[in-house]
Amino acid sequence: MRVGEFTEQALANTAWAFATAGHAAPALLDAIAAEAAPRVVEFKEQNLANMAWSFAADDSLSSAALMPFFGQYFGHRCDVLAKRFSDEELSQLHQWWLWYAGERGQTTGLPSQELLQRCRVAFSAWKARPSRLQRQVGSTLSSLGLSPQEEVQTEEGYSLDYVVEWCGQQVAIEVDGPSHFVGRKPNGATLLKRRQLRHVGWRLVSIPYWEWDELRKDLTAEDNDAREKEGSRVGSMMTLRERQMAYVEATIAEQARAV
């Protein structure tokens, strides 16, 4: 089936699937945008929000394809459907706005200020629940004397797992569990958050779950090897907390250099 034969929902679902997986497909998304542009007034609220979020997450839409879809009719269509958007869809539109107006510097085709404010409120209202992994990393940051601030909300509405001061700079620490990845590749939502935070100047450090888990596995393997060696002193090895502290310190030092 060709893109021209897709329904509005099929166009939105295809764009969303590629963007969610973090799989770049610029030619496909340009074709979807071109096909959707003359039909924007026919899009329902979920499809409209999914399309907007998908292009924001992917960030590969060409300038030629950008305006036909996100021209004056897009904003008007959003306003027409304003009362129908769910909180999740409003949050998607907020991330789209951060991309379209913030990263791309566009002002044409924006929804009303009233709707944009509702989008910001919905996005900012989302509250994270710190995981066990996050708590462990937070405890390690405290052991390093970094006095981490937990769940810090940015002006854009994003929630940061931890914020610490490092070499005189505020650094955001993101503890990324399995839901942040497809395999070991960051998914679309994770890539979007990282990109938008860096755009406004945040220094980001990612602690992926598998690297954290490896610290314990490596320690167990080393402990077993030491016990098999005659005369070895297990107590001379680094403890798990010492390994975690060394890992976090090295990771921050490496990743916090770039904005």
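User: Which residue in β2 does Q149 stand opposite?

Analyst: Keep in mind that this is a predicted model. Strand β1 covers 149-153, and 4 bridges tie β1 to β2, residues 159-166, with the two running antiparallel. Across that pairing, the residue in β2 facing Q149 is V163.

User: In what order do the strands of the open sheet run?

Analyst: The sheet has 4 strands, and their pairing is mixed. For instance, β1 and β2 run antiparallel, while β3 and β6 pair in the parallel sense. Neighbouring strands are turned by 45° against each other on average, ignoring direction. The order is β1-β2-β3-β6.

User: Which strands stand at the edges of that sheet?

Analyst: An edge strand here has a single partner, so one side of it is left without a neighbour in the sheet. Going by the order β1-β2-β3-β6, the strands at the edges are β1 (149-153) and β6 (203-208).

User: How many residues of β6 are buried?

Analyst: Take the two faces in turn. R203, V205 and I207 sit on one side, with L204, S206 and P208 on the other, and all of them are buried. That makes β6 mostly covered, and the count of buried residues is 6 of 6.

User: Are α3 and α9 roughly parallel or roughly perpendicular to each other?

Analyst: Look at the axes of α3 (residues 45-58) and α9 (residues 188-199): they come within 8 Å and cross at roughly 65°. The crossing is left-handed. Angles of 65 to 115 degrees count as roughly perpendicular. So α3 and α9 are roughly perpendicular.

User: Which residues of α9 do W53, A56 and A57 meet?

Analyst: Those three are on the α3 side of the contact. Counting both helices, the contact residues divide into 5 nonpolar, 1 polar and 1 charged. The α9 residues are G188, A189, L192 and R195.

User: What share of the chain's residues count as buried?

Analyst: The chain has 11 helices and 6 strands, and its C-alpha atoms fill a box of roughly 75 × 40 × 30 Å along the principal axes. Of its 259 residues, the buried share is 47%.

Terms used: Residues numbered from 1 in each chain as written. Predicted model: local features only at pLDDT ≥ 70, side-chain atom pairs only at ≥ 80, totals over all residues. Heavy atoms only, no water. Axes fitted to C-alpha atoms, helices over the stretch in contact; angles between N-to-C directions. Parallel < 35°, antiparallel > 145°, perpendicular 65-115°, else oblique. Left-handed = near helix turned anticlockwise from the far one by under 90°. Contact = heavy atoms within 4.5 Å. Nonpolar A, V, L, I, M, F, W, Y, C, P; charged D, E, K, R; others polar. Pairing = 2+ DSSP bridges. Buried < 20%, exposed > 50% of the residue type's maximum accessible area, 1.4 Å probe, protein only.
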